[in-house]
Amino acid sequence: MGDMSPAREEVRRARYAVAAVFAVHGSVTGSFATRVPWIREHAGLSAGQLGFALAFTAFGAACAMPLAGRVTHRFGSRAALRGLLAMWTLALVLPSLAPNLVTLCLALFAYGASSGMADVAMNALGVEVERLLGKSVMSGLHGMWSAGALTGSAAGTLAAHLGADARVHFALASAVLTVLGCTVCAWVLDVQPAEDEEPPPRFALPPRSALLIGAVGFCAVFAEGATLDWSAVFLKDRLDSSAGLAASATTGSMLTMAVARIAGDAVVNRFGAVRTVRAGGVLAVLGGLLIVLARHPAAAMTGFALMGLGIAVVVPLCFAAAGHAGPNPSQAIAGVATVTYTSGLIAPSLIGGVAQATSLMVSFCVVTALACGLALFAGVLRAAERGEGAEADPRSSAVSGPHP
């Protein structure tokens with residue numbers, strides 16, 4: 001440690017700060033996911049209406065993600081991330097205040113838009129840290145997101161078990177996470193654009209290189225969104241579980257995802273991105289089959305845990321592949337994020353619509369079929385394998401440390 005240059009120490013410190021940002025972002029998602037049944041009952045929605053409303057989360061994210069690059073260009077990476085992350089943590093309270101379908105759709109649109117912009121900004125900084133350190137770190141960063149989601153979902157499970165009002169729960173969680181997020185952002189990298197660099201467009205179609213990578217992420221995010229938004233509802237409605245036990249299904253899935261992502265960098269370095277994703281696809285399919293065939297809560301919870309394990313490293317590897325595939329990591333990441341999270345736009349409404357017409361079991365048959373795509377199309381992630389161990393980016397001169 002002592003022989004490292006100050007710049008190297010700064011990047012290592014920035015890695016931990018970005019990891020904390022990922023954890024804060026995940027905590028918001030985990031907090032929300034466990035209280036979806038409460039939100040549905042509070043707004044008086046059917047399964048189909050809930051699916052329609054949840055689609056606005058991803059719709060807001062898809063609309064807002066292209067703006068993240070422009071915000072970062074104008075304010076610098078640190079200030080932009082601090083502002084966008086605060087918007088996201090504060091937006092947590094909005095869905096709990098919605099008394100009907102229309103207001104819930106509007107609340108979830110704002111919730112998703114703030115989530116998407118913060119997501120792009122923190123992933124771009126994660127890729128920058130990976131470049132400067134010269135080794136894979138993206139899976140571990142997403143592992144911290146899952147760890148944060150696990151923490152948020154565990155708190156949400158306890159709140160649901162105690163019968164707490166989600167408005168009070170979300171207000172307290174939002175206050176704590178906003179303070180924590182704004183604090184840790186002081187140590188992230190502050191990447192400033194060159195004086196002659198043109199600002200990115202407000203809106204742009206994803207680059208062609210992002211489409212194939214995004215297709216793999218599409219399958220993973222579809223399964224992840226289904227698990228987050230519908231696992232508690234599945235156990236409560238189909239298997240007649242208690243609210244506390246139903247919420248714990250989300251917690252179990254988050255636990256396996258967190259462990260897999262934290263260990264993911266070592267696994268990918270040993271076996272490669274392609275083989276890792278293919279093996280994960282097989283596990284996700286097995287988990288989906290357990291969910292579909294479950295007649296007892298324990299079997300369904302095991303299935304959701306396997307689903308989380310199988311899809312855990314896919315999204316971080318998609319972002320890594322995008323970041324290493326071209327000269328503009330932020331633009332490529334925004335493109336892949338837009339494509340992958342479009343599945344989050346489709347998943348809630350499709351699952352809810354199918355459930356309304358048939359059953360939640362049939363809905364998870366669709367999820368399982370899409371999980372097969374991870375094994376079939378993993379080869380497009382070879383860009384991530386080529387990028388591993390890349391030399392530090394010479395643009396490190398554009399990075400400044402936190403101001404005491």
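Biologist: Which residue just after α2 takes a positive phi?

Modeller: G44 does, with a phi of about 65 degrees. The helix label comes from DSSP, where helices are runs of H or I of at least four residues, strands are runs of E of at least two, and both are numbered from the N terminus. The model is a predicted one, in which local features need pLDDT of at least 70 and side-chain atom pairs count only at pLDDT 80 or more, while totals for chains, interfaces and linings use all residues. Residues are numbered from 1 along each chain as its sequence is written, and side-chain values use heavy atoms, with hydrogens and water left out.

Biologist: What puts the buried residues of α2 on the same side of that helix?

Modeller: In α2 (residues 36-43), the buried residues are V36, P37, I39, R40 and A43. They cover an arc of only 160 degrees around the axis, and therefore lie on the same side of α2. The arc is taken from the directions that run from the helix axis to the C-beta atoms.

Biologist: Why is R40 called buried?

Modeller: Buried means under 20% relative accessible area, exposed means over 50%, and partly exposed lies in between (1.4 Å probe, protein chains only). R40 has a relative accessibility of 11%, so it counts as buried.

Biologist: What makes the contact of D237 and R40 a salt bridge?

Modeller: The rule asks for a side-chain nitrogen of Lys or Arg within 4 Å of a carboxyl oxygen of Asp or Glu. For D237 and R40 the N to O distance is 3.0 Å. Because D237 belongs to helix α9 (residues 208-237) and R40 to helix α2, the pair ties together parts that are 197 residues apart in sequence. D237 is partly exposed, at 41% relative accessibility.

Biologist: How many salt bridges does this rule give?

Modeller: The count is 5. Among them is the pair of K236 and E41, whose closest N and O atoms are 3.4 Å apart. This pair links distant parts of the chain, K236 in α9 and E41 in α2, 195 residues apart. K236 is partly exposed, with a relative accessible area of 24%. Another is formed by D190 and R78, at 4.0 Å from N to O. D190 lies in strand β1 (residues 190-191) and R78 in helix α4 (residues 77-91), so parts 112 residues apart in sequence are tied together. D190 is buried at 10%, and R78 is buried at 6%.

Biologist: How do you know that C185 is too far from the closest cysteine sulfur for a bond?

Modeller: A disulfide requires two cysteine sulfur atoms within 2.5 Å. The closest cysteine sulfur to that of C185 is in C182, at 6.6 Å, which is too far for a bond. C372 is likewise in no disulfide, the nearest cysteine sulfur being that of C219, 9.2 Å away. The whole structure holds 0 disulfides. C185 is buried, at 0% relative accessibility, whereas C372 is partly exposed, at 32%.

Biologist: Which members of the largest nonpolar core touch the most other members?

Modeller: They are F32, W230, F234, F364 and L381, in a core of 118 residues. Such a core is a set of buried Ala, Val, Leu, Ile, Met, Phe, Trp, Tyr and Cys residues joined through side-chain atoms within 4.5 Å.

Biologist: What does F234 touch, not counting residues up to four places away in sequence?

Modeller: F234 touches L239, I291, A300, F304, L360, M361 and F364. Contact here means heavy atoms within 4.5 Å.
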